[in-house]
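Have the structure open and follow along.

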Amino acid sequence: MIQNKFTTNGSMDSNPRKSNGNGKLRDFRSVVIFGGAGFIGSNLAHHLLTETKAKVHVFDNLSRPGSRHNLEWLQEAAKDSGRLKITIGDVRNYTLVERAVRHATEIYHFAAQVAVTDSVEDPRLDFEVNAGGTLNILEAARKAGHRPFILYTSTNKVYGSLSGQCLVAYERCYRLAPQDSVTEAQPLNFHSPYGCSKGAADQYVRDYSRIYGLPTVVLRMSCIAGTRQFGTEDQGWVAHFVYSALQGEPLTIYGDGRQTRDVLWVGDLIKAMNAVRENLPQTAGEVFNVGGGSSNTTSLLELIDQIEQFSGKKVDYTFAKARPGDQMFYVTNHDKITRMTGWAPTTALPETVRQIAAWWKANQHLFSRTQMERLQELEPGLAALQEPA
């Protein structure tokens with residue numbers, strides 16, 4: 001059974017500066033992570049529990065596969081020091097959101113409906129979670145009155161089909177001309193309900209800094225990959241490809257397989273989050289493209305080639321019709337965040353693939369059908385954590 005509060009004897013942060021979100025740095029950190037039991041959220045929470053002395057409040061509705069296992073992982077890291085609090089709740093519930101952020105010095109907002117395909121099937125739900133949930137968090141933070149630091153993870157989908165750029169087709173990938181990556185100057189061009197809802201939230205977060213003085217930062221992310229990612233063909237495709245290959249399961253490639261992305265290791269993403277927080281107030285109100293960049297670029301077909309070389313196994317795959325809203329090309333230009341904070345990715349794509357494969361091999365029991373079904377069931381111990389509306 002997972003308890004409501006957990007602790008750890010975490011070590012001192014390597015950088016002794018701490019942010020209260022207002023451009024001033026102090027020792028006390030009270031961090032709320034919406035979507036904190038998901039892939040990125042749990043990795044950030046674990047970092048905070050083991051590498052800092054921050055108090056961590058994980059807020060999650062546990063809708064993602066593996067999220068309950070991630071909470072157990074955080075419990076092990078936290079032990080009995082009282083530094084971890086868990087709320088099982090939904091960002092659409094303003095009462096719970098307001099209660100969670102009331103005393104927070106930092107807010108990390110990862111909670112979202114994450115699949116383009118699901119947004120096409122149910123655009124209202126997509127809007128209510130992504131746009132409405134974000135507004136709930138912003139309003140609660142504004143009314144709290146102490147201007148907490150807010151980081152929002154947006155998406156490359158806000159740029160749509162990259163209007164004004166020329167797509168060049170090669171045998172196994174696409175490239176962009178005249179530039180090989182996308183800067184923040186690229187015009188917004190929302191495609192799909194998912195692009196619209198995330199884009200609306202993206203702009204709300206940015207504007208709350210301009211209008212209300214909240215120290216917000218938006219990260220427009222490309223593909224993030226790493227351990228504790230229970231990837232599917234709809235979201236987390238790099239991990240999904242690796243797991244499927246190792247399990248001998250066939251893959252479905254939607255489109256021609258030449259779709260190209262840059263990939264960022266989740267640990268490098270956490271370093272980027274630390275970098276923008278530590279460089280307040282310069283970064284407050286800014287939007288940054290964050291990803292692996294041109295040196296960590298792959299198409300679907302090229303990743304399959306790499307997995308086959310790495311694993312020594314032939315990957316079985318078939319082609320299907322391209323799905324709506326899919327970009328043929330997106331590669332991050334991260335010059336802006338590098339210039340303002342000094343951050344740059346350090347983990348190469350082959351190492352990312354190796355780490356994901358090693359984690360799968362050490363946790364194969366989590367990927368059995370019966371185990372995944374168990375992880376989807378709401379256990380009595382977790383139900384007890386639900387705060388009343």
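What follows is a tour of ring pairs and of charges over rings.

Keep in mind that this is a predicted model. A pair of aromatic rings is described by how far apart the centres are and by the angle of the planes. In this model, the count comes to eleven aromatic pairs. Start with phenylalanine 230 and tryptophan 359: their ring centres are 5.7 Å apart and their planes sit at 85°, so this pair is edge-to-face, since anything over 60 degrees gets that label. The two residues come from distant parts of the chain, 129 residues apart. Phenylalanine 230 is in the loop between strand S10 (223-225) and helix H7 (237-247), while tryptophan 359 belongs to helix H11 (residues 349-362). Both phenylalanine 230 and tryptophan 359 are buried.

Ring pairs tie Phe230, Tyr243, Trp359 and Phe367 together into a cluster.

Now hop over to tyrosine 317 and phenylalanine 319. They make an edge-to-face aromatic pair, with 5.7 Å from centre to centre and 85° between the planes.

Last stop: charged side chains over rings. Arginine 228 lies over the face of tryptophan 73, 4.0 Å from the ring centre. Lysine 336 lies over the face of phenylalanine 288, at 5.1 Å from the ring centre.

Terms used:
Residues numbered from 1 in each chain as written. Predicted model: local features only at pLDDT ≥ 70, side-chain atom pairs only at ≥ 80, totals over all residues. Heavy atoms only, no water. Phe/Tyr/Trp six-rings, centres within 6.5 Å; stacked < 30°, edge-to-face > 60°. Helix = DSSP H or I, 4+ residues; strand = E, 2+ residues; numbered from the N terminus. Buried < 20%, exposed > 50% of the residue type's maximum accessible area, 1.4 Å probe, protein only. Lys NZ or Arg CZ within 6 Å of the ring centre and 35° of its normal.
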